[in-house]
Amino acid sequence: MRTRFFAVALSFCATSAWAQNDPEVRGGWHHYGGSLAGNRNLSSASITPERVSSLAPAWEFQTGDTTDGNEFGGRPSRFRATPIMVEGRLFFSTGYNRVFALDAGTGEELWSYDPKVDFSRPYSEMFTSRGVAVWRGRPDTPLSVACSARIFIGTLDARLIALDAATGQTCKDFGDSGEIDLSKGIPRYRVLDYSVTSPPIVMGDVVIVGSSIGDNGAANLEPGFVRAYNVLSGKLIWAWDPIPREPNSPGAETWLNGAAAETGGANVWSIMAGDPERDIVYLPTTSPSPDFYGGKRLGNNAFANSIVALKASSGEFIWGYQTVRHDLWDLDLAAQPLLFDFTTPEGTVVPAIAQATKMGFVFVLNRETGQPLHPVTERAVPQTDVAGEQTASHQKFPKIQLHETDARPLKLWQFSEDHVAACTRMLKDVRYEGLFTPPSLEGTLLYPGNGGGTNWGSMAYDKTSEIAYLTVNRLPTIVKLIPRRGFNSARRRGTLNGFAAQYTSQSGTPFGMARRNLQNPVNGLPCLEGPWATLVAVNLNSGDVVWEIPAGTIKGLKPPADRWGAYASGGPIVTAGGVVFLATPTDRALRAYEGKTGSLIWENFLPAGAHATPMAYRHKGYDYVVITAGDQLAEGHGRGDHVIAFRLKAD
């Protein structure tokens, strides 16, 4: 592990870093999304469009957690974490599930913890860990009291671990000597396919955790339980299953022929949001298993693909709002919900929740009732011709739509003759009738694909301007259903229309599945014209787009492709001074934009691509912006273990 310093290094004092009387110490970035509301907002107004040019490198830390994949079956390491900052310390996890604590002013390592995950095993979400959560007891409790502040990390091998924030030692009074085995009590548990890849959420004295489930292997997979534990003892407080198993459960009528009894998934792998005042935790749920064939789970399938509100203290169901009925496209809710105050045209303030989706939609709801605050229309959608399948006849289309939905002629990018020929071959006989075209035996184009729209980068919100910022990716996917009798031979060939593809069995159904992104396999470039990824500013009150600009670049492309953006994994943050930050992986850049106009006002190039969302905080008279840069160590993309801080003297 190495730390590099820029300019004048600040002195480190462990005691002062935890002082309770310093107002700047209390103004940290305490949660993965900046706050429980998920607003990704730095309350300091010092970073303004006028002053951001003075933002300069402060320090850089390298974790040492990297691999090119040679010893892990060709899987290179990934670094996708967004740190949190509490009382002068940064806490984050690496793809190895190791946890680090750094001094927020100098980047010096204070401690590290290794849960010793066995990486000789090929986990389905190899090297994925987006961050940690913190619980702080009484502020007047001295840190000499062990575990008076606790860091929680979920692991790829399905453990929830509590660490002493001061020392990095496990809190022995939590669970079994500091950890809980999350595999216990999970029916049909699979050791490599049931993990935790996102931080839990802490509300009061309860830590709430979801799970990541490898969801294309079969119809009958693990249930997506969300569970809450006491932060001190690790005692289970409640468990909630998104799929209504009992006939009298809310939503049970949307599962036909007893399908809810055996179906798995609908889990919460992404980041939850919370409203402590109302004692509500908001869950973004995923699709039921398997993703691309639903003949074994007929019906609309509540509360999969839904925003669900539960009582944080008890797990009591309050409401659920489904964004996709009977999902056949892997359109799980990957973005953290955003809590904000919605102002009606009459000036009434309503507590609201906004949910960005993979379709490029944003649903805006009353967070107390789940009722839409903008119009949502019901539209007839294309229907399936696959035996045993039954498509939802209508889907929901909200007012805020940031991706095309209609079946328009596809515009192939005329990059070269060979490029057009390869993409044309890939699309041969593929069905496409707009958004929600169901998977087929011929092959179906999903546009946006399951990696499109807004992913775990989520949204940032500026309450002064009432504008939300989010990235929208436009990456199409081709999915093909393969009858069971021919699946094994097709998988051995490993191609889809002559090009390499991913094959998954979807056991327990009549069909296996093949899929690949609609990209030229030779040069990796997109087949369709752009834009490929954009950063969008939306007024959540009116539902209007304020501006839209490219998110990142692909180096070396000529106009107009140089203005079509590139895939962005992480999302934006915003400062109270009106500056939006976004990091992009393809061009290895961290950029700042003026929040009102989208104008580029600052940029810094990174030693590796960033697949994470930045974070920011104030510490000892300075404002900091921090990004983890951890591109995959493939194709010369650079060492993927950097934590990089930029600093600006506060007003």
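Me: Which residues of the largest nonpolar core touch the most other members?

Reply: Start with the general idea: in soluble globular proteins, nonpolar side chains tend to be buried together. A nonpolar core is a set of buried Ala, Val, Leu, Ile, Met, Phe, Trp, Tyr and Cys residues joined through side-chain atoms within 4.5 Å. Buried means under 20% relative accessible area, exposed over 50%, and partly exposed in between, with a 1.4 Å probe and protein chains only. Here the largest core has 40 residues, and Trp59, Leu90, Phe581, Leu590, Tyr617 and Ile627 touch the most other members. Strands that each supply at least two of its residues include β3 (56-62), β5 (89-93), β40 (589-594) and β43 (622-629). Helices (H or I, at least four residues) and strands (E, at least two) are DSSP runs, numbered from the N terminus. A second, separate core holds 31 residues, among them Ala273, Ile280, Met359 and Leu435.

Two notes on reading this: the model is predicted, local features need pLDDT of at least 70, side-chain atom pairs count only at pLDDT 80 or more, and totals for chains, interfaces and linings use all residues. Residues are numbered from 1 along each chain as its sequence is written, and side-chain values use heavy atoms, with hydrogens and water left out.

Me: How do I read an aromatic pair, and how many are there in the whole structure?

Reply: A pair of aromatic rings is described by the distance of the centres and the angle of the planes. Rings of Phe, Tyr and Trp (its six-membered ring) pair if their centres lie within 6.5 Å; planes under 30 degrees apart count as stacked, over 60 as edge-to-face and the rest as tilted. The search finds 33 aromatic pairs. Take Phe72 and Phe127, an edge-to-face pair with 5.3 Å centre to centre and 80° between the planes. These two sit 55 residues apart and link distant parts of the chain. Both Phe72 and Phe127 are buried. Another edge-to-face pair is Trp329 with Phe436, at 5.2 Å and 70°. Trp329 lies in the loop between β21 (317-322) and β22 (338-343), while Phe436 is in the loop between α3 (417-426) and β28 (444-446). Ring pairs also join Trp329 and Phe436 with Tyr321, Phe361, Phe363 and Phe397 in a cluster.

Me: Which ring has the charged end of Arg130 over it?

Reply: A charge sits over a ring if NZ of Lys or CZ of Arg is within 6 Å of the ring centre and within 35 degrees of the ring normal. Arg130 has its charged end over the ring of Trp456, 4.5 Å from the centre. Likewise, Arg647 lies over the face of Tyr622, 5.1 Å from the ring centre.

Me: How many cavities of 30 Å³ or more are there?

Reply: Rolling a probe the size of a water molecule over the atoms shows where empty space is left. On a 1 Å grid over the protein atoms alone, a cavity is a set of points where a 1.4 Å probe fits but cannot get out; lining residues have an atom within 4 Å of a point. Grid points are joined across faces, edges and corners, and a volume is the space filled by probe spheres set on the points. The count is six cavities of 30 Å³ or more. The largest cavity holds about 100 Å³. Its lining has 15 residues, with His31, Tyr32, Pro200, Ile201 and Ile271 nearest the centre. The second largest cavity, about 60 Å³, has Trp329, Leu435 and Phe436 among its lining residues.

Key. 1 Å grid on protein atoms, 1.4 Å probe; cavity = no way out; pocket = protein on both sides within 12 Å on 5 of 7 lines; lining within 4 Å.
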